[in-house]
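User: Hello! I have just opened this structure for the first time. Could you walk me through it?

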Amino acid sequence: MNSTIVLMIIGMAIVTYIPRMLPFLVFKGKELPPFLQGVLKNVPYAVLGALIFPSILLIQEGNLMFGVVGTAAAFVIAFLGANVILVVVGAISVLSLYSVFLM
Amino acid sequence: MEALLSTKKVSDFRLGLQGGLSIAIGYMPVALTFGLLARTTGLTVTETVLMSMLVFAGAAQYISLSLIAVGTGIIEIILTTFIVNIRHFLMSASLSEKLEEDRLFKKLFYAFGITDETFTVISVKDGKVRTGFAVGVMLISYGSWVVNSGVGYFIGEILPEFLQASMTIALYAMFVGLLVPSMKKSVRVTFLAVVAGALNSILLFTTNLSNGWSIVLATLVSAVIVELVVMMKGGGRANE
C-alpha cells in the first residue's frame, strides 16, 4: 500500500464523517423552533426531487431517450402502487428490453 | 419482558435490512464500476476496499479517482471530498429530528452510514424511526458497497453490457418508488419534489455549481418556500 493514498483515504474519511455527525452533536436534546422543524421535515421530499431530476434523464450520455424510457417506466410502475423493489426491478427490466430490442 | 424487548429490536433491524435491499441492488453496478476504475487508476485492492469501508460515499470516491488520475494533490482531493459531501449535513439534521431519541454514541455510530440513499429510505417512513431500523438499512447498503467494490476490482464487468447500462436506473427508480406513494397522499410532497427538481435542473444547466451544492441549494429553497406557504395558509401541518 502506498502511504500517500492511505493518508488521502483517511483524510477523505474524516471530512466525510464530520457533516454526517455534526447535527447529532449540535441539535442534541434541543427543541428546535417550529419553523426549522417544519423545514427539516420537508427536506426528504425536496431532496428526492433534486436527486431524481435532472440526473434520471441523463443516465446514458448522449441518449436522452434511454433516460426518458427509464423515468416513464419507474413513475408508471410506482403510480400503479408497486413497492420500491418492484419499481427498481421493473425499471431495470423495461430498460433491458428496450436496449436489447429497440436500440 | 427482556425477551420481548429484544425480539422487537431484532424485528426493527430485520425490517431495516429489507428496507435497504433496493439500495443494496442499486449500489451493485455503481460499486462494481468503482472497483474496476480504481484498478485502472492504479490503486491496490486493499486501498480500494479501504476507501469504500472508510469513506462510504459514492460520488466523492469516483471524483477522487479522476483527481488521482490527473495527478491532483491529496489536500485538494480531501477538500473536494468535503465540498461534495457537505450536503449530508442537511440530511443528518433532518434525520436527527426523525429518529427516536437514543444514546449519543449510538447516534455518532450510525451517522457514519448516512448517504443520499439510506437517508431517503429512512426518512420517508411514517412517524419516529427506531435506531434498529436505521442500522439495518445502513448495514445492508454498506455491505453491498464494500463487497462489490472489492468484487469489481477483480472482475469488473461481471454483468453483461445491456444489464450494466439498464442497472444505472436502479437508484433513481428507488427514489421514484420512495417518492410516489407520498406524492399520492400529499400535495405538499408533490410541490416539494417538483420545485426542488426544477430548481436543481435550472442550477445545473445555467450555473457552474457542482452537483452537491446544487442539490443543497435546491433542497433548502424548496423546503423553506413550501414551509412559508404552509405557515401563511395557517396550519395544515402534515407529518407524512
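This is a predicted model: local features need pLDDT of at least 70, side-chain atom pairs count only at pLDDT 80 or more; totals for chains, interfaces and linings use all residues.

User: How many salt bridges does the rule find across the interface of chain A and chain B?

Analyst: Good place to look next. The rule asks for a side-chain nitrogen of Lys or Arg within 4 Å of a carboxyl oxygen of Asp or Glu. Across the interface of chain A and chain B, the number of salt bridges found by that rule is 0.

User: Which residue meets B:Asp116 in a salt bridge?

Analyst: The partner belongs to a distant part of the chain, 29 residues apart from B:Asp116. B:Asp116 is in helix H8 of chain B, and its partner is in helix H6, residues 87-98. The N to O distance is 2.9 Å, and the partner is B:Arg87.

User: How much area is buried between chain A and chain B?

Analyst: On the contact side, 67 residues of chain A touch 91 residues of chain B. In chain A, the residues that lose the most area to chain B are A:Arg20, A:Phe24 and A:Tyr45, together 13% of what that side buries. Carbon and sulfur atoms give 79% of the buried area, which is about 7,000 Å².

User: Which element gives the most to the side of chain A that touches chain B?

Analyst: Polar contacts also cross this interface, with 16 residue pairs found, both residues at pLDDT 80 or more. On the side of chain A, the elements giving two or more residues are helices H1, H2, H3 and H4. With 19 residues, the one that gives the most is H1(A).

User: How many charged residues does that side of chain A have?

Analyst: Let's go by class. The side of chain A that touches chain B has 49 nonpolar and 15 polar residues. Its charged residues number 3.

User: What is the volume of the largest pocket?

Analyst: Its lining has 40 residues, and among those nearest its centre are A:Ser55 and B:Tyr172. By class, the lining divides into 24 nonpolar, 12 polar and 4 charged residues. The volume of this pocket is about 1,200 Å³.

User: Where is A:Pro54 placed?

Analyst: This residue has a backbone feature to look at. A cis peptide bond joins A:Phe53 and A:Pro54, with omega about 0 degrees. A:Pro54 is placed in the loop between H2 and H3 of chain A.

User: What is phi of B:Phe56?

Analyst: B:Phe56 sits in the loop between helix H3 (45-54) and helix H4 (58-69) of chain B. This residue is not glycine, yet its phi is positive, near 50 degrees.

Key. Residues are numbered from 1 along each chain as its sequence is written. Chains are lettered from A and ligands numbered from 1 in the order in which they are written. Side-chain values use heavy atoms; hydrogens and water are left out. Contact means heavy atoms within 4.5 Å. Buried area is the accessible area (1.4 Å probe) that two parts lose on being put together, summed over both. A polar contact is a pair of N or O atoms within 3.5 Å; within protein, one must be able to donate a hydrogen and the other to accept it, and residues adjacent in sequence count only if both atoms are side-chain atoms. Helices (H or I, at least four residues) and strands (E, at least two) are DSSP runs, numbered from the N terminus. Ala, Val, Leu, Ile, Met, Phe, Trp, Tyr, Cys and Pro count as nonpolar, Asp, Glu, Lys and Arg as charged, and the others, Gly among them, as polar. On a 1 Å grid over the protein atoms alone, a cavity is a set of points where a 1.4 Å probe fits but cannot get out, and a pocket is an open set with protein on both sides within 12 Å along at least five of seven lines; lining residues have an atom within 4 Å of a point. Grid points are joined across faces, edges and corners, and a volume is the space filled by probe spheres set on the points.
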